[in-house]
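Let's take a walk through this structure together, starting with the overall picture and then stopping at a few places in the backbone. Keep the view open beside you as you read.

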Amino acid sequence: MKYFEKDLTSLHDDLVAKRISVTDLVKATFDNIAATDPELNAFLTLNQDAALKKAAEMDEKGVDADNVLAGIPLAIKDNIVTNGLTTTAASKMLENFVPVYDATVVKQLNKQGVINVGKTNMDEFAMGGSTENSAFKTTKNAWDYTRVPGGSSGGSAAAVASGEVIAALGSDTGGSIRQPSSFNGIVGMKPTYGRISRWGLIAFASSLDEIGPMTRTVKDNAILLSAVAGHDDHDMTTSTKEVPDFAAELNDQTSVKGMKIGLPKEYLGEGVDQEVKDAILAAADKYRELGATVDEVSLPHNKYGVAAYYIIASSEASSNLQRFDGIRYGHRSKDVKNLEDVYVNSRTEGFGDEVKRRIMLGTFSLSAGFYDAYFKKAAQVRTLIINDFQAVLKDHDFIMGPVAPTPAFKIGDEISDPMTMYMNDVLTIPVNLAGLPGMSIPAGFAKGMPVGMQLIGRPFDESTLYKAGYVFEQATDFHKQTPKQGGNN
Amino acid sequence: MASRIDQEQVQHVASLAKLSLNDDQLKYFTTQLDEIIGLFETLNEVDTEGIEPTSSVTDQINVMREDVADNWGQSQALLKNAPDAEKGYIKVPTIIDESED
């Protein structure tokens, strides 16, 4: 069984009507993974025994008819801690790390009866855009096994797109949910900063990191966001704003009539693939056809987003990753003569090149004599980027554009050139800097590979993005196309 | 084009960050960091006179809570993650470098 013909609601109906048991569903999921993953490499750790045990318990007591997530198998990115289940952030530093608590999002999913089937591959500490920075394996794009799945949530994206699982959690600091969703033709939401607790998310850049759902349909995504969002005493950046039942607003009556959409000219500029542009322009026409207006707007500081981001994110990372010192947990070098060796050799052996690059960039940007020229300058440019978005969103309901300038590139093509890799995030990074919600939904194909459209909204207005995404999805059939087994599209 | 960061500076930054680089790594990290810092310097094109820096975009300011400890009773599980532990303590190597006596 693949999940291609199913969504959360239809699976829930099957479970409640006992057309399938939770145990059979979980078994079928592990069968999918056993058949697909030896080549796809989406998973780092499987949770088979615990998942089957929980499934049997749920079958015993019956599936809660009022809870659409009860008994649903789901995958979790490996930088989100899971009690008793190895969590590595795809780093040698944490190769044998077994958390003693569940992240708040995991706790919420468990409460709803979701079954965690395993932990997905990613770029080490979520630093990268291709999942090639994993210390353990290279995940492939579900549509073409010679191409990258994107990153850093590449494992989650490939697992959903290939039909191994129906949904997964990812995290997004500069595009890490949206870009792999775009590359694999699925729906990925990076919610507003503060919408979801990050307690238990292994910190990369704390002013930017956000957790979010990755699914095949907009409605499934909305269901999951409602399930994991909300205030948490353990994360003081979480908002106390009420969490809407996002999916309840998605039905036959949902419409974009009268909505005003901004299409930034910078999002269709230099470096954006012609077929990607064509897909987005066609989507704009579709929205006009559906009764919205689309006009050209400008985000003049967008092009400075990548530079500001790599200063800010690297600075925060250099601070967050200081905790990996080889003492209390994580890798400890055996080659040590003194305490300094424990720190230096453990970190040198435990971290990969991209992580070292970012730690050094951050250390440099924060160091005496450079702070004002780099870190402070970047934080000021961040303010200007926020102002640009505010100006547009004052009189537009949301912004549309591509997620990434190109479709998925070939494995090995960009990994040795960090600058080229960094520029892939030019259209997603500004959204993190501004803390806005951003979503990727399938909007076409370029060179046979999926192209994602990005919808960007006002703070805490994921609702409008879901409505606009849902209406577009219902009016098109891009999301119905699925990769062939083995990625031979 | 003048280089923005040289090998000596990269070595200094690496030591601040508790990382050690061999000669090959020092060479290629210097080239890469130099290129990336060049990208950083494009920010000089932007007039930021009088613009407040943004360090966080949360709508929550000064969130207070009771100072109550929770999550007790996990010391054994936590120690399992320590590279070396004995009798409820984390063990580290001798911290005085005897080779320099």
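A word on confidence comes before anything else. This is a predicted model, and it scores ipTM 0.93 and pTM 0.97. For chain B, the average pLDDT is 89, and 92% of the residues score at least 70. Among the elements of chain B, helix H1 (residues 7-16) of chain B has the highest mean pLDDT, 97, while helix H3 (residues 75-80) of chain B has the lowest, 90.

Now turn to chain A. Chain A is built from 15 helices and 11 strands. Its radius of gyration is 21 Å, close to the 23 Å that the globule rule gives for 489 residues, so chain A is as compact as a globular protein of that length. Along the principal axes, the C-alpha trace of chain A spans about 65 × 55 × 45 Å. Of the 489 residues of chain A, 61% count as buried.

The UniProt record, an unreviewed entry, places the feature "domain: Amidase" at residues 24-465 of chain A. Over residues 24-465, chain A is 37% helix and 14% strand, and the end C-alpha atoms lie 35 Å apart.

What lies inside? In soluble globular proteins, nonpolar side chains tend to be buried together. In this model, the largest nonpolar core has 161 residues, and those with the most contacts inside it are A:Leu74, A:Val165, A:Ala168, A:Ala308 and A:Met360. The element that gives the most to this core is H9(A), with nine residues.

Next, find helix H4 (104-111) of chain A. Which residues of H4(A) are buried? They are A:Thr104, A:Val105, A:Val106 and A:Leu109. The cover over the buried residues of H4(A) includes S2, strand S4 (167-172), strand S6 (210-215) and helix H7 (218-228) of chain A. After H4(A) comes A:Gly113, with a positive phi near 90 degrees.

Some backbone geometry deserves a stop as well. Most residues other than glycine have a negative phi, and most peptide bonds are trans. A:Ala89, which is not a glycine, has a positive phi near 55 degrees. A:Ala89 sits in the loop between strand S2 (73-77) and helix H4 (104-111) of chain A. Is A:Ala89 buried or exposed? It is buried, because 29 other C-beta atoms lie within 10 Å and 20 or more are enough to count as buried. The peptide bond from A:Gly151 to A:Ser152 is cis, with omega near 10 degrees. A:Ser152 belongs to the loop between strand S3 (115-120) and helix H5 (154-161) of chain A.

A:Phe460 has a positive phi of about 65 degrees although it is not a glycine, and lies in the loop between strand S11 (449-457) and H15 of chain A. With 21 C-beta neighbours inside 10 Å, A:Phe460 counts as buried. A:Thr464 is found in helix H15 (residues 462-475) of chain A. A:Thr464 has 17 C-beta neighbours inside 10 Å, so it counts as partly exposed. Leaving aside neighbours within four places in sequence, A:Thr464 is in contact with A:Asp397, A:Phe398 and A:Gly457. A:Phe398 is 66 residues away from A:Thr464 along the chain, yet their C-alpha atoms are separated by 7.6 Å.

Terms used
Residues numbered from 1 in each chain as written. Chains lettered and ligands numbered in written order. Predicted model: local features only at pLDDT ≥ 70, side-chain atom pairs only at ≥ 80, totals over all residues. UniProt positions renumbered as here; feature names shortened; annotations may be inferred. Helix = DSSP H or I, 4+ residues; strand = E, 2+ residues; numbered from the N terminus. Buried ≥ 20, exposed ≤ 12 C-beta atoms within 10 Å, placed from the backbone. Contact = placed C-beta atoms within 7 Å. Core = buried A, V, L, I, M, F, W, Y, C linked by C-beta atoms within 7 Å. Rg over C-alpha atoms; globule rule 2.2 N^0.38 Å. pLDDT = per-residue confidence, 0-100.
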